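Thanks for making time this morning.

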Amino acid sequence: MDELTASSGQSRAVLVTGGAGFIGCALAPQLLELGLPVVAVDNLLEQVHPGRARPAALPEQVGLVEGDVADPHVWDELLSRVRPELVVHLAAETGTAQSLTESTRHATTNVVGTTTMLDALVRHDAFPNHVVLTSTRAVYGEGPWRAADGSVFSPPPRSHAQLEAAEWDHLDPSGQPATPLATEAATAPYNPSSVYGSTKLAQELVLRNWSASFGIPLSVFRPQNVYGPGQSPHNPYTGIITLFHRLASRGETLDVYEDGEINRDFVYIDDVVSALAAAVAAPPDAQRVLDIGSGVRTTIHDAARMIAEHHGAPEPKVSGRFRDGDVRSAWADVTATREALGWEPTWSFRDGSAAVSDWLERGGFLG
């Protein structure tokens with residue numbers, strides 16, 4: 001552990017795991033408005049933070065503890081000085097494809113890191129008043145699909161053999177083409193199709209059981225594909241929008257996987273932060289699970305076209321390549337989140353994508 005600002009010597013604080021990451025840096029200004037010291041715990045992974053330097057986007061008022069959430073000694077040292085009134089649990093390994101070959105790493109951070117934190121909170125009698133978890137839409141896996149007869153089913157993950165045969169879309173149990181549906185936390189079943197999604201589901205369940213046992217309010221959010229200024233341009237495993245902008249700015253032809261019709265719900269970072277801030281301002285009585293998304297699905301081909309056009313790059317090429325563990329369709333029904341938080345997503349993909357390009361250009365990451 002390298003740094004903890006003097007202000008965080010006070011006993012009460014807001015604690016943010018993974019607080020030096022993309023969402024943590026964007027959320028920090030909102031948390032500082034609560035009037036308590038904000039302490040971020042982050043291992044400054046080289047993959048995300050080259051040189052393992054403190055990110056410039058993290059406000060200087062935030063105390064940064066460099067440490068692994070799965071290390072009990074980090075928690076013992078921190079909780080001997082800090083009593084968290086609020087815990088925002090962002091720390092996670094997030095690479096879908098990477099989780100297939102580094103499963104232990106993902107499970108250690110996402111699952112063991114969570115249980116290590118919870119054990120430490122109990123050990124130090126440092127129970128917070130509210131825990132906020134950012135989970136992921138990956139817990140839904142392929143999500144719900146409507147069969148030809150109108151029934152709804154949850155297909156299993158697409159196999160490598162299916163993808164090699166270019167069988168992109170799911171068929172219903174009778175072998176007829178099926179239609180993807182939006183996910184909604186109250187109705188969509190768990191059905192992760194990646195190791196990453198499975199570890200995040202385990203993280204959810206552990207926290208839900210722990211919080212219920214100790215009577216601590218819990219907010220679980222399942223964000224869709226979060227993007228925006230501040231997302232690491234160095235991490236090859238996350239941030240397809242950032243990657244597309246960097247390639248297109250060099251005049252390269254964007255490679256669009258499968259048949260181009262993979263679709264995602266791209267939700268801009270400001271909309272994610274406003275949802276989390278609304279949740280912090282109005283904790284639940286017990287537990288709630290909500291989705292964060294734009295509510296709009298965009299095909300990867302359309303996203304690539306928009307970005308290529310923005311930079312005057314060639315028309316994207318649909319290559320038929322694929323990535324094991326990817327889902328075909330993912331977007332959220334955010335009606336429940338709107339109603340619970342009085343929240344509304346406001347950023348269109350076109351505007352958000354342009355903002356990413358502007359940020360990358362200012363940072364010298366384009367061309």
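**Helix α11 and its surroundings**

Let me begin with helix α11, residues 349-362, which has 14 residues and reaches 20 Å from its first C-alpha to its last, close to the 20 Å expected at 1.5 Å a residue. That expected span is 1.5 Å times one less than the number of residues in the helix, and helices here are DSSP runs of H or I with at least four residues, while strands are runs of E with at least two, both numbered from the N terminus.

Before going further, please keep in mind that this is a predicted model, in which local features need pLDDT of at least 70 and side-chain atom pairs count only at pLDDT 80 or more, whereas totals for chains, interfaces and linings use all residues. Residues are numbered from 1 along each chain as its sequence is written, and side-chain values use heavy atoms, with hydrogens and water left out.

Which residues of α11 are buried? They are Phe349, Gly352, Ser353, Ala355, Val356, Ser357 and Leu360, where buried means under 20% relative accessible area, exposed means over 50%, and partly exposed lies in between, with a 1.4 Å probe and protein chains only. The buried residues of α11 pack against β10 (225-227), α7 (240-249), β13 (266-268) and α9 (300-311), with contact taken as heavy atoms within 4.5 Å. After the helix comes Gly364, whose phi is positive, near 75°.

His89, for its part, has Leu133 as its bridge partner in β5, and the parallel pairing of β4 with β5 covers 4 bridges.

How many residues of β1 are buried? The count is 5 of the 6, so β1 is largely enclosed by the rest of the structure; for β4, 5 of the 7 residues are buried, so this strand too is largely enclosed by the rest of the structure.

**An open sheet of 3 strands**

There is also an open sheet of 3 strands, in the order β7-β6-β8 and with antiparallel pairing. Its edge strands are β7 (152-153) and β8 (179-180), each of which pairs on one side only. Strand β6, residues 145-146, pairs with β8 in the antiparallel sense over 2 bridges, and Arg146 stands opposite Thr179 in β8.

**Salt bridges**

The structure holds 18 salt bridges, a salt bridge being a side-chain nitrogen of Lys or Arg within 4 Å of a carboxyl oxygen of Asp or Glu. One of them joins Arg12 and Glu85, with the closest N and O atoms 2.6 Å apart. Arg12 lies in β1 (residues 12-17) and Glu85 in β4 (residues 83-89), so the pair ties together parts that are 73 residues apart in sequence. Arg12 is partly exposed at 40% relative accessibility, and Glu85 is partly exposed at 25%.

The salt bridge between Arg158 and Glu142 has its closest N and O atoms 3.7 Å apart. Arg158 lies in the loop between β7 and α5 (160-164) and Glu142 in the loop between β5 (130-134) and β6, so here the parts tied together are 16 residues apart in sequence. Arg158 is buried, at 7% relative accessible area, and Glu142 is buried at 2%.

Asp326 forms a salt bridge with Arg323, the closest N and O atoms being 2.7 Å apart; Asp326 is buried, at 13%, while Arg323 is partly exposed, at 31%. Salt bridges that share partners also join Glu142, Arg158, Asp169, Glu258, Asp259 and Arg328 into one network.

**The cavity**

Finally, the structure holds 1 cavity of 30 Å³ or more, where a cavity is a set of points, on a 1 Å grid over the protein atoms alone, at which a 1.4 Å probe fits but cannot get out, and lining residues have an atom within 4 Å of a point. The largest cavity has a volume of about 40 Å³, the volume being the space filled by probe spheres set on the points, with grid points joined across faces, edges and corners. Among the residues lining this cavity are Arg137, Tyr140, Glu142, Thr183, Gln224 and Trp331.

How values were computed:
Pairing = 2+ DSSP bridges. 1 Å grid on protein atoms, 1.4 Å probe; cavity = no way out; pocket = protein on both sides within 12 Å on 5 of 7 lines; lining within 4 Å.
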